[in-house]
Amino acid sequence: MTERSELIDELRWKKIPVLNDGFVCLVDVMGDDSSIVQAARVSYGEGTKRVSDDRTLIRYLMRHRHSTPFEMAELKFLVRVPMDCWRQWIRHRTANVNEYSTRYSVAIDSAQTTLPGEWRTQATSNRQGSDAPLPEDLGQKLTEEETEFQQKARDVYEARLEAGVAREQARKDLPLATYTEAYWKIDLHNLIHFLSLRMDSHAQWEIQEYSRAIGEQIVKLLFPVVWEAFEDYRQGAMFLTRLDKEVLARLMASAAEKSLVPPFSEDAFLEVQDETWKSLKRSRERDECQSKLQRLGILKGE
């Protein structure tokens, strides 16, 4: 048995835990790093290219966003995930999905729970995001209420089933924290896109946890050269818009005239900001541009 076959056998059906009772596991995989190379070259003789050539080509494809060769590899997973997190997941309409049916079967008797230190405040700068944790004494109260609520919802659901209510109707008041399971099959290109979005720090923490489990504990092992390129050219990369580049050019020109060296002040940034931002009290584009330049060390951080 080859080393790769042994790796696949080791990973297949291995439930990698996520959250309190969720998991991801590999069901099957088609292809490896060489599949991407083969698709890019269309046809080549086995052994005619060095491994270093293959790595160079994969990195070129990733760097220049030539996506179709990555579609030649596929992975199939079984996942257990809370329904509210699954709603975000299923928005990526680039996979084949078959989900556990609560019309056909009794709902999974498990729900996502929250530890007292895990409750988060609403972010002030992002309407759909969260921020710092709430005080743990308040978190303790919220966790106790959560436990009571989830148990009551489950009791009501099971009582309805006992009374003969149809499963499709009995389920309607189950909380979104209830776990569901699904088979999820996706090609490597679309999986990389999913991971680049859902491993990002701006994604909801829960789906970040699932994405990291899939990416770091499965994809990284099965496609090491692709994963290296992904880390270098997607996950660790930064995209500059036309406006960002123009602001940066003006900032460097202004600094040269004044004999300033980076990191520059916020005032220096505001002096050269795009004209369309100046009249706005709040501009998401301006904030993002400033954040990028801070991460590059060109502007002073907060």
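## A buried arginine and its salt bridge

Arg-80 is buried, its relative accessible area being 15% (buried means under 20% relative accessible area, exposed over 50%, partly exposed in between, with a 1.4 Å probe and protein chains only). This is a predicted model, in which local features need pLDDT of at least 70 and side-chain atom pairs pLDDT 80 or more, while totals for chains, interfaces and linings use all residues. Residues are numbered from 1 along each chain as its sequence is written, and side-chain values use heavy atoms, without hydrogens and water.

Asp-21 forms a salt bridge with Arg-80, with the closest N and O atoms 2.9 Å apart (a salt bridge is a side-chain nitrogen of Lys or Arg within 4 Å of a carboxyl oxygen of Asp or Glu). Asp-21 lies in the loop between strand E1 (16–18) and strand E2 (22–30) and Arg-80 in strand E3 (residues 74–82), so the pair ties together parts 59 residues apart in sequence (helices, H or I, of at least four residues and strands, E, of at least two are DSSP runs, numbered from the N terminus). Asp-21 counts as partly exposed, at 30% relative accessibility.

## Further salt bridges

The whole structure contains 23 salt bridges. In one of them, Glu-228 pairs with Arg-59, the closest N and O atoms being 3.8 Å apart. Because Glu-228 lies in helix H9 (residues 224–235) and Arg-59 in helix H3 (residues 51–63), this pair ties together parts that are 169 residues apart in sequence. Glu-228 is partly exposed at 28% relative accessibility, whereas Arg-59 is buried at 13%.

## Nonpolar cores

The largest nonpolar core has 47 residues, of which Leu-75, Trp-89, Leu-188 and Leu-191 touch the most other members (a nonpolar core is a set of buried Ala, Val, Leu, Ile, Met, Phe, Trp, Tyr and Cys residues joined through side-chain atoms within 4.5 Å). Helix H8 (residues 205–222) gives the most to this core, with seven residues. Apart from this core lies another, of 14 residues, including Val-247 and Trp-277.

Trp-89 is placed in helix H4 (residues 83–89) and is buried, at 0% relative accessibility. Beyond residues up to four places away in sequence, Trp-89 touches residues including Val-24, Trp-184 and Ile-214 (contact means heavy atoms within 4.5 Å).
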